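Reader: Could you walk me through how to read a helix pair and a chain contact here?
Author: Gladly; let us look together.

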Number of protein chains: 2
Amino acid sequence: MLHQTWSRLVCAAALVFAAAPALGADAPLSLRGMGSFHIGGRIANVAGKETRMIVRQPGGPASMLDPNGQFMVEPMYVQYFLPAERKGRLPLLMWHGGGLTGVTFESTPDGREGWLNMFIRKGWDTYISDAVERGRSGFASPDVWPSDPTFLNYQDPYERFRIGEGEGSWNADPAKRRPIPGTQFPVEAYDNYMKQTVPRWLSTDEAVIASYVALVDKICPCALLAHSQGGAFGFRVAEMRPDKFKAIVAVESATAGVLANAPKLKDVPVLMVFGDFVDQHPRWAAFKKIDMEYAAAVRSAGGSVDWINLPEIGIKGNSHMMMQDRNNAEIADVIQKWLAGRGLVE
Amino acid sequence: MLHQTWSRLVCAAALVFAAAPALGADAPLSLRGMGSFHIGGRIANVAGKETRMIVRQPGGPASMLDPNGQFMVEPMYVQYFLPAERKGRLPLLMWHGGGLTGVTFESTPDGREGWLNMFIRKGWDTYISDAVERGRSGFASPDVWPSDPTFLNYQDPYERFRIGEGEGSWNADPAKRRPIPGTQFPVEAYDNYMKQTVPRWLSTDEAVIASYVALVDKICPCALLAHSQGGAFGFRVAEMRPDKFKAIVAVESATAGVLANAPKLKDVPVLMVFGDFVDQHPRWAAFKKIDMEYAAAVRSAGGSVDWINLPEIGIKGNSHMMMQDRNNAEIADVIQKWLAGRGLVE
């Protein structure tokens with residue numbers, strides 16, 4: 001009988017052990033819904049250009065292309081995932097950085113789970129978007145947007161995002177590249193990271209913000225997890241809709257909001273997160289200074305801004321793309337703990 | 001006792017009834033995994049252009065933009081969903097049409113579930129991609145691709161995709177538009193459909209095909225569900241990798257493969273599906289004729305091509321975007337039945 005009870009305890013322990021991966025990458029993701037939609041956008045009018053016949057598929061019939069008329073421009077693509085067991089009290093929005101898309105959060109260049117899966121597993125209704133001009137949001141013609149898109153060099157993020165040791169660390173021969181010693185970025189998969197990058201315009205901020213506002217008006221109140229340029233958009237949208245944001249997590253926000261408007265965030269809890277090697281890289285030290293000034297302005301107005309430099313809590317080696325670094329799960333847990341501390345987790 | 005048995009039967013019936021929505025939009029989607037990756041692509045070299053300083057975010061520090069050097073171009077974005085209860089014997093690839101992205105399959109413009117959710121619910125490991133140049137696959141600079149992108153008029157698909165009654169059916173005032181009587185397209189959500197469209201190039205076919213081949217080499221043997229221009233790519237890729245395709249469902253393929261290569265598909269079961277109003281619209285009659293000639297060439301070589309004109313099996317009113325039409329679930333069932341008939345469903 002004692003033996004039998006002992007067996008049962010062993011079995012129970014085994015079950016607990018077997019259940020442990022239920023929180024990790026091997027466990028099923030159960031969703032009560034998923035889908036996508038586009039939001040925002042406007043109809044632009046183009047006039048005065050000549051029509052022409054084009055063949056859209058080699059071998060197919062010709063059809064008319066009329067560059068004039070009305071065009072649907074500047075909508076934003078949003079994909080959402082609703083976990084079967086919802087634990088986040090509000091929707092969680094994920095806004096990516098410049099020259100990137102929502103793919104930032106989906107997976108990692110070396111094929112591990114990204115923050116999307118992790119936060120769904122933590123029970124958040126999660127909405128990932130591609131900012132206007134990027135990815136599945138499409139882009140407008142030169143008749144509508146006067147500027148040209150810019151394209152990232154293959155080596156640019158390597159030297160700029162604290163993957164390599166700054167300028168000169170890149171080499172076309174992977175064996176001769178100089179990654180930052182101790183980096184958590186999966187450098188062997190840098191190729192795959194570069195495949196995620198998309199062209200960007202430098203003149204579309206107002207259109208980007210208009211569609212983010214439309215998303216916020218549809219989905220929020222909510223929590224926002226924003227990265228890099230997405231942080232700058234996040235703070236500017238929060239200044240316009242402060243009642244809609246119950247928490248903002250800004251991961252290496254590059255730049256922040258408009259200083260004069262910072263007091264509007266006095267009732268929005270904010271967390272700013274920076275990775276490793278920041279102070280040694282002038283570009284990131286500059287962004288950090290801008291964010292600190294914004295944080296100070298929010299605090300001066302009575303607001304709450306928490307600040308985590310990851311190395312100071314023992315999490316080392318993180319690049320600007322920390323959601324894809326090898327220890328991305330550890331950082332997700334830091335963010336989750338902060339969100340829970342704001343009363344946003346059931 | 002009899003009464004008790006009867007109660008049990010009633011309860012069982014109630015459970016069956018309660019379980020019925022498990023096949024529909026309100027039931028949880030249980031996944032054993034999901035994620036995304038990019039595949040294919042190449043490094044392009046650009047030389048001889050001047051460098052310049054740019055500010056990437058208003059208010060941020062300036063940094064150098066060098067248009068020269070190496071660029072990662074022509075990769076393809078792929079998102080995958082693996083159902084917990086797999087029933088499809090092979091992965092199912094979904095390839096969208098021209099000027100569109102994988103969004104085609106995700107949802108409908110009026111917010112219903114798309115074929116992605118439906119085929120996951122049917123138990124298929126499903127891979128949705130954005131063809132090279134489109135959506136999250138990004139696009140290359142004018143230094144790499146010599147041609148310009150083309151942009152669809154707001155009214156173009158309305159008149160061309162058998163939503164409205166052909167040329168002249170569009171009007172900027174929704175009340176004055178002339179949809180085809182009996183159309184299944186959610187015309188009230190046409191705005192949202194147009195938000196899904198993206199610019200396209202007319203000179204990138206070889207790059208598109210190269211990345212599709214890379215995907216097929218990674219994921220297949222598989223089944224392919226292709227729409228419109230995606231069908232043309234599908235047949236051309238299948239001609240290059242006939243052993244990798246165990247079934248091809250071509251939904252209004254616009255155009256087909258290369259006639260001379262059609263015999264290579266002699267061991268690949270093919271289903272061609274066309275919607276309603278095809279013969280009255282010269283453009284679609286032309287595509288249908290091209291597909292019929294290709295089908296005849298495959299059959300002449302001993303291959304098997306099934307053909308369904310939906311109205312002939314009682315499914316009426318379907319536009320070119322049938323996966324978004326109101327009866328999209330009914331058409332998904334027709335396709336599923338055909339796939340099952342090929343022995344591809346457990």
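Author: Val208(B), Ile209(B), Tyr212(B), Val213(B) and Val216(B) of H5(B) meet Phe233(B), Arg236(B), Val237(B) and Met240(B) of H6(B), where contact is C-beta atoms, placed from the backbone, within 7 Å. By class, this contact has eight nonpolar, no polar and one charged residues. This is a predicted model: local features need pLDDT of at least 70, side-chain atom pairs count only at pLDDT 80 or more, and totals for chains, interfaces and linings use all residues. Residues are numbered from 1 along each chain as its sequence is written, with chains lettered from A and ligands numbered from 1 in the order written.

Reader: At what angle do the axes of H5(B) and H6(B) cross?
Author: The axes of H5 (residues 205–219) and H6 (residues 229–240) of chain B come within 10 Å and cross at roughly 60 degrees. H5(B) and H6(B) are therefore oblique to each other (under 35 degrees is roughly parallel, over 145 roughly antiparallel, 65 to 115 roughly perpendicular, the rest oblique).

Reader: How many residues does each chain bring to the contact of chain B with chain A?
Author: Interface size is often given as the accessible area lost when the parts come together. Here, counting residues, the contact takes 65 from chain B and 65 from chain A. S1(B) gives the most to the side of chain B that touches chain A, with eleven residues. That side divides into 28 nonpolar, 27 polar and ten charged residues.

Reader: Which residues does Val249(B) touch?
Author: Not counting residues up to four places away in sequence, Val249(B) touches Leu224(B), Leu225(B), Leu271(B), Val273(B), Ile335(B) and Trp338(B).

Definitions and conventions
Axes fitted to C-alpha atoms, helices over the stretch in contact; angles between N-to-C directions. Helix = DSSP H or I, 4+ residues; strand = E, 2+ residues; numbered from the N terminus. Contact = placed C-beta atoms within 7 Å. Nonpolar A, V, L, I, M, F, W, Y, C, P; charged D, E, K, R; others polar.
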